[in-house]
Amino acid sequence: MYVCLCHGVTDRDIREASENGVSSMRQLGKELGVGTQCGRCASMARGILRESRSPD
Ligand code: FES
């Protein structure tokens, strides 16, 4: 499922980024561009990032 249409980023891409150490929206924006254009994807992206973060 596409989360960020502006940059063609999927929920899977975000989970992958999270596994590779991305832990904030700022970092996600830097790595994948998520939330850096129209910003409509930001709240969903934040939720996915939070969900996929390991609970340690
Ligand atoms: Fe992500 Fe527009 S949909 S910045």
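Keep in mind that the model is predicted.

Start with the layout. The protein has three helices and two strands, and from the N terminus they come in the order β-β-α-α-α. The radius of gyration is 10 Å, close to the 10 Å that the globule rule gives for 56 residues, so the protein is as compact as a globular protein of that length. If you'd like a box for it, the C-alpha atoms fill roughly 30 × 20 × 15 Å along the principal axes. Of the 56 residues, 27% count as buried. As for how the chain comes back on itself, take the contacts between residues at least 6 apart in sequence: 46% of them join residues at least 24 apart.

Now for the inside. In soluble globular proteins, nonpolar side chains tend to be buried together. Here the largest nonpolar core has 13 residues, and Val3, Cys4, Val9, Ile14, Leu28, Val34 and Ala45 are the ones with the most contacts inside it. At least two core residues come from each of β1 (2–4), α1 (11–19), α2 (25–32) and α3 (42–52). The element that gives the most is α3, with three residues.

How do two of those helices meet? Two packed helices are described by the angle between their axes and the distance between the axes. For α1 and α3, the axes come within 9 Å and cross at roughly 45°, which makes α1 oblique to α3. On the α1 side the contact is made by Asp11, Ile14, Arg15 and Ser18, and on the α3 side by Ala45, Ile48, Leu49 and Ser52. The crossing of α1 past α3 is right-handed.

Ile14 is worth a click in your viewer. Leaving out residues up to four places away in sequence, Ile14 touches Val3, Val9, Leu28, Val34, Ala45, Ile48 and Leu49.

Then hop over to Ala45, which lies in helix α3. Is Ala45 buried or exposed? The cut-off for buried is 20 or more other C-beta atoms within 10 Å, and Ala45 has 24 C-beta neighbours inside 10 Å, so it counts as buried.

Methods:
Residues numbered from 1 in each chain as written. Predicted model: local features only at pLDDT ≥ 70, side-chain atom pairs only at ≥ 80, totals over all residues. Core = buried A, V, L, I, M, F, W, Y, C linked by C-beta atoms within 7 Å. Buried ≥ 20, exposed ≤ 12 C-beta atoms within 10 Å, placed from the backbone. Helix = DSSP H or I, 4+ residues; strand = E, 2+ residues; numbered from the N terminus. Contact = placed C-beta atoms within 7 Å. Rg over C-alpha atoms; globule rule 2.2 N^0.38 Å. Axes fitted to C-alpha atoms, helices over the stretch in contact; angles between N-to-C directions. Parallel < 35°, antiparallel > 145°, perpendicular 65-115°, else oblique. Left-handed = near helix turned anticlockwise from the far one by under 90°.
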